[in-house]
Amino acid sequence: MPKTTTGEGSRLEPFRTELTGYCYRMLGSGFEAEDAVQETLLRAWRSFDRYDERRASLRTWLYGIATNICIDMLRSAQRRALAMDLGPASEAGSGIGEPASERFWVQPVPDALVLPMDGDPGELAVRRETIRLAFVAALQHLPPRQRAVLILRDVLTWKADEVAVLLETTVASVTSALQRARSTLRAVGGVPGEPLRPSDHAQRELLARYCAAFERHDVAALVALLHEDATMSMPPFVWWLRGREQIRRVLLAPGASCEGARLVPVAANGSPAFWQTRPGPDGVHVPFGLVVLDVSAGLVTGSTTCLDIDRLLPLFGLPAGVSPAAVGASG
């Protein structure tokens, strides 16, 4: 269904962002979430004459369609993950290996694609928490129907009877699925870290110091801001590191200098996030990676630098200060 503001489309289009957020949590990919929502709205548009508001609200009806589409997409799909879920930590100095398929990874997503930018600030803060990479990766451990139940109940705060109507099941079944889903998430080990908090002075100060240390390539100052068990990963490579000392060693390795690089803020995954840009041969900055940070209690606990720029740029748009010509010249 093309985006429209007439007829049935005008009633469906306002649900696009929240449906995309739901499908992203289900699927772990902004690209797949957009496809799922487009298919949801298309099916709803085609069958709108059969929609019965006495049986379910328009919102519940749309979420039911989206849930079925996501579950169908997940039937044969490999579970998406972060590098830390795929194998043990590497050692600084070891080879980075070969890139893995895009299908392995929980993908970053622009906040604007999945979060309503208006409404209650407290609710927005909660929604930011539940699109963080670590949380979305934890969700991927759940079977699809349990995943849907947990997102609807614990993230979107639907009532048990509303979820039962959506899934065409009983309240008892929904309650049981929710208990099993919560138990699995606890076993996975939780989702440490905190979302981006623009009004939090201490967090803003930490991020400012991190960016300043990175941009002047002050490894000592940068490492001092890391938690002792901080992680570093660079998808699509399975390689990852754990520990402040391991990260220090790799940052000081020959050829590892990020001299001249910049960090440009970007709204991604409800988290502190930045485009890392580097000067090209002509001195014009080009994107190198999308950096998503985990922070907690005044320290950086993890950095994920997503290197699949060709895939990410169409979704996120260009970093500030980078021209399309510069990107084309770097490809």
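**Reading the sheet and the cores**

UniProt, in an unreviewed entry, places the feature "domain: RNA polymerase sigma-70 region" at residues 16–80. In this predicted model, that span is 71% helix and 0% strand, with its end C-alpha atoms 23 Å apart.

User: Let's start with the sheet. What is the strand order?

Analyst: Quick background: strands of a sheet pair through backbone hydrogen bonds, either parallel or antiparallel. Here, an open sheet of six strands runs E2-E1-E6-E5-E4-E3, and the pairing is mixed. Strands E2 (240–242) and E3 (262–265) each have a single partner strand, so one side of each is left without a neighbour in the sheet. From one strand to the next, the twist averages 25°.

User: How many bridges join E5 to E6?

Analyst: Seven, between E5 (residues 285–296) and E6 (residues 299–306), and the two run antiparallel.

User: Now the cores. Which residues have the most contacts inside the largest nonpolar core?

Analyst: The general idea is that in soluble globular proteins, nonpolar side chains tend to be buried together. The largest core here has 72 residues, and those with the most contacts inside it are Tyr22, Cys23, Tyr24, Met26, Leu62 and Trp275. Helix H4 (residues 58–74) gives the largest share, ten residues.

Terms used:
Residues numbered from 1 in each chain as written. Predicted model: local features only at pLDDT ≥ 70, side-chain atom pairs only at ≥ 80, totals over all residues. Heavy atoms only, no water. Pairing = 2+ DSSP bridges. Helix = DSSP H or I, 4+ residues; strand = E, 2+ residues; numbered from the N terminus. Axes fitted to C-alpha atoms, helices over the stretch in contact; angles between N-to-C directions. UniProt positions renumbered as here; feature names shortened; annotations may be inferred. Core = buried A, V, L, I, M, F, W, Y, C linked by side-chain atoms within 4.5 Å. Buried < 20%, exposed > 50% of the residue type's maximum accessible area, 1.4 Å probe, protein only.
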